[in-house]
Amino acid sequence: MNINNFEDYEVEHVHRVYEHIAPHFSATRFKPWPIVESFLRNLPIGAVGLDIGCGNGKYFTVNPNVYIMGSDRSSNLVRIAHDRKSQDSLVADALDVPHPNSRFDFAISIAVIHHFSSPARRVASIRSILAALKPPSNDEHDGGKALIYVWALEQKNSRRGWGDGDPQDVFVPWVMSKRLPGSKNEADKHNRQTPEGCKADGDQGGKTHDEAKEGKDEKEGVTYQRYYHLYRSGELEADIASAGGIAIESGYEKDNWWAICAQR
């Protein structure tokens, strides 16, 4: 990708978007994903951990016997999470988590890392998560664990229809309807966009951000374009290894790749 400043790029194509859509986004985010719920429920009583990219804090109440400190880059989402009054939350970037290293029993980062726009920044965000975990004393099974989710490129059976040969760096639209109190996420193959500076073989229908910038539609309201990096099979595990970690368990669930990882 030909981007001069990755941080500025993410401010424009990720952070500002979520600040705008926060209430609508939150209204559609209320049901815990099964593997995340299982991970949290199986933690020991009194475990202390982090939810990095906590959004509206929907995972805060899954297990009342653990303590979670949530953080998110969006102040509007953190405000919603804070209103739950069940766990603490603060505004922070996943690349600069404001917590001491080697202190936490667990961490989750669900659908966050794919918003970083360079390989180095994605690896750095994983390294930041791993650094917060308690290191193993004997083997990888007795230290802190992190559960990480990212969107998958392999979505041929979904309404988006992505797969091998499609670009990995895309814009996904979020439509804020004028007619409904919530939001409608229209992220299918026919209206996906290719971010400015991304080159993708075989993508005949992609548009740059200048061609598909946010705008109004009389029926649907306002459409915002969010940057995503779609992970290939094995890419998340490779990034974890590059960050100095080890993937203990990994898999695919509903258009996402996930991994439970620890410090090596």
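**View 1. Secondary-structure elements that line the largest pocket of the predicted model.** At least two lining residues each come from α1 (6-27), β1 (48-52), β2 (67-72), β5 (145-151) and β8 (221-229). The largest share, five residues, is supplied by α1. Helices (H or I, at least four residues) and strands (E, at least two) are DSSP runs, numbered from the N terminus. The model is predicted: local features need pLDDT of at least 70, side-chain atom pairs count only at pLDDT 80 or more, and totals for chains, interfaces and linings use all residues. Residues are numbered from 1 along each chain as its sequence is written, and side-chain values use heavy atoms, with hydrogens and water left out.

**View 2. Centre and composition of the largest pocket.** The pocket holds about 1100 Å³ of space. Its lining comprises 46 residues, of which Phe25, Arg29, Trp33, Ala111 and Trp151 are the closest to the centre. A pocket is an open set of points on a 1 Å grid over the protein atoms alone, where a 1.4 Å probe fits, with protein on both sides within 12 Å along at least five of seven lines; lining residues have an atom within 4 Å of a point. By class, 20 lining residues are nonpolar, twelve polar and 14 charged.

**View 3. Cysteines Cys54 and Cys261.** Cys54 is buried at a relative accessible area of 6%, and Cys261 is buried at 0%. Buried means under 20% relative accessible area (1.4 Å probe, protein chains only). The structure holds zero disulfides, a disulfide being a pair of cysteine sulfur atoms within 2.5 Å.

Note on methods: Points joined across faces, edges and corners; volume = space filled by probe spheres on them. Nonpolar A, V, L, I, M, F, W, Y, C, P; charged D, E, K, R; others polar. Buried < 20%, exposed > 50% of the residue type's maximum accessible area, 1.4 Å probe, protein only.
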